[in-house]
Every structure is written in structure tokens, then in C-alpha cells.
Amino acid sequence: MEIRKLNANDAQLYYDLRIEALTNSPDVFATRLEDAVKRPVEQTAESLALEHAVTFGAFADGDLCANVTLLRNTAPKMDHRASVVAVYVTPSARGKGIASRLMLELLDFAAGWQGLERLDLMVASENLQAIELYEKLGFEKYGTEIRAMKIGEKYIDEDMMVKFI
């Protein structure tokens, strides 16, 4: 298992995994599949090259099987904060501790990012496995956004979690 920061050269791999994530788990991401498929791979490459964001990927036998992104707030009064977004592990790689390893890599990177003090994330309230992982890593729930997302007639609540570093 190799875990590393993704770059513009990984755009197609990341794009493909993102489409898989939105196909398999539409209820846990704010992005809609129909919007993501319209996004050119070149735009994904640009996103992977942003200075205020870093995406880590986990590779098994050369295949990208998981990812997580840390997106730093760029507003001057809020640049001490970053959001953990787009966490996904392909179904065949689940249950092997990959999400934990990715998050530990992200936390290590965040601890060394000059001026960063706070990590935020939002997780579907029904995603108990993810919530358990985040709590083990030191994230604390500080609220719930009721009806945070709506898919058709179904509402999804999201727990808001924070970790101070």
C-alpha cells in the first residue's frame, strides 16, 4: 500500500475514482454525479495543483483505491482553518484500515502546515463507521446540520466535527 499526495499527473485516476464514489455513495457527497461527469479532466488536474488544497491517495497494486482532500480556507481571518472533504475508499479496499492510514497522513501533513490550527469536516449522521473513525482520530462533534442535503424527497443530516491541531 502506497499513500502519497496526488498531483496533476494523477488527474485521470482521481477523476475515475471520484465518479465511482459519486456512483456508489451519492448520499454522502454534495456533488452530483451528473455534474461531475461534465467536468473535464483538465479541471481536475488544475484542482490537484492548487496551493491551498492537498489530496492524498492510497494505491494498491498501482491502482488508486482511496482518497481524501484537505482544503485550506483562504480568507485572511479564516486561514487558520481547513476542511477535510471527499473521503472515499473503493468497496474492495474497505475494512483494511486504508481510511485510517489516509487520515493519519492528512493529519501529519496538517500539523506541519504553517498557521493551520483547526480541521473541520461534515459527515452524514447515518455514516456511523466514518464517525467512529473520526472520533478515534480526535475529531469532536459540535453540532448537526439538519436536512443538510436533499436527494429527491430524502433529506440527509450531517454531523459537524472539529479537531484542533
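Leaving aside its neighbours within four places in sequence, which residues is Leu-119 in contact with? In this predicted model, Leu-119 touches Leu-70, Ala-82, Val-84, Leu-106, Leu-107, Ala-110, Phe-139, Met-161, Val-162, Lys-163 and Ile-165. That list makes a handy way into the inside of the structure.

Leu-119 belongs to the largest nonpolar core, a group of 30 residues. Together with Leu-70, Val-84, Tyr-134 and Phe-139, Leu-119 is among those with the most contacts inside this core.

Seven strands make up an open sheet, and going across it they come in the order S1-S2-S3-S4-S5-S7-S6, with mixed pairing. Strand S1 (2–5) and strand S6 (140–151) sit at the edges, each pairing on one side only. From one strand to the next, the twist averages 25 degrees. In general, the strands of a sheet pair through backbone hydrogen bonds, either parallel or antiparallel. S1 and S2 run antiparallel and are joined by four bridges. To pick out a pair by name, Ile-3 has Ala-58 in S2 as its bridge partner.

H5 packs on this sheet, where it touches S4, S5 and S7. The direction of H5 makes about 160 degrees with that of S5. Which residues of H5 are buried? They are Ala-130, Ile-131, Leu-133 and Tyr-134. Looking down the axis of H5, these buried residues fall within an arc of 160 degrees, so they line one face of the helix. What they pack against is S4, H4, S5 and strand S7 (154–164). Tyr-134 ties this picture back to the largest core, as one of the residues with the most contacts there. Over on the other side of H5, things look quite unlike that: Leu-128, Gln-129 and Lys-136 are exposed. Just after the helix ends, Gly-138 takes a positive phi of about 100 degrees.

Notes. Residues are numbered from 1 along each chain as its sequence is written. This is a predicted model: local features need pLDDT of at least 70, side-chain atom pairs count only at pLDDT 80 or more; totals for chains, interfaces and linings use all residues. Side-chain values use heavy atoms; hydrogens and water are left out. A nonpolar core is a set of buried Ala, Val, Leu, Ile, Met, Phe, Trp, Tyr and Cys residues joined through side-chain atoms within 4.5 Å. Buried means under 20% relative accessible area, exposed over 50%, partly exposed in between (1.4 Å probe, protein chains only). Contact means heavy atoms within 4.5 Å. Helices (H or I, at least four residues) and strands (E, at least two) are DSSP runs, numbered from the N terminus. The arc is that of the directions from the helix axis to the C-beta atoms. Two strands pair if DSSP finds at least two bridges between them. Axes are lines fitted to C-alpha atoms, for helices over the stretch in contact, and angles run from 0 to 180 degrees between N-to-C directions.
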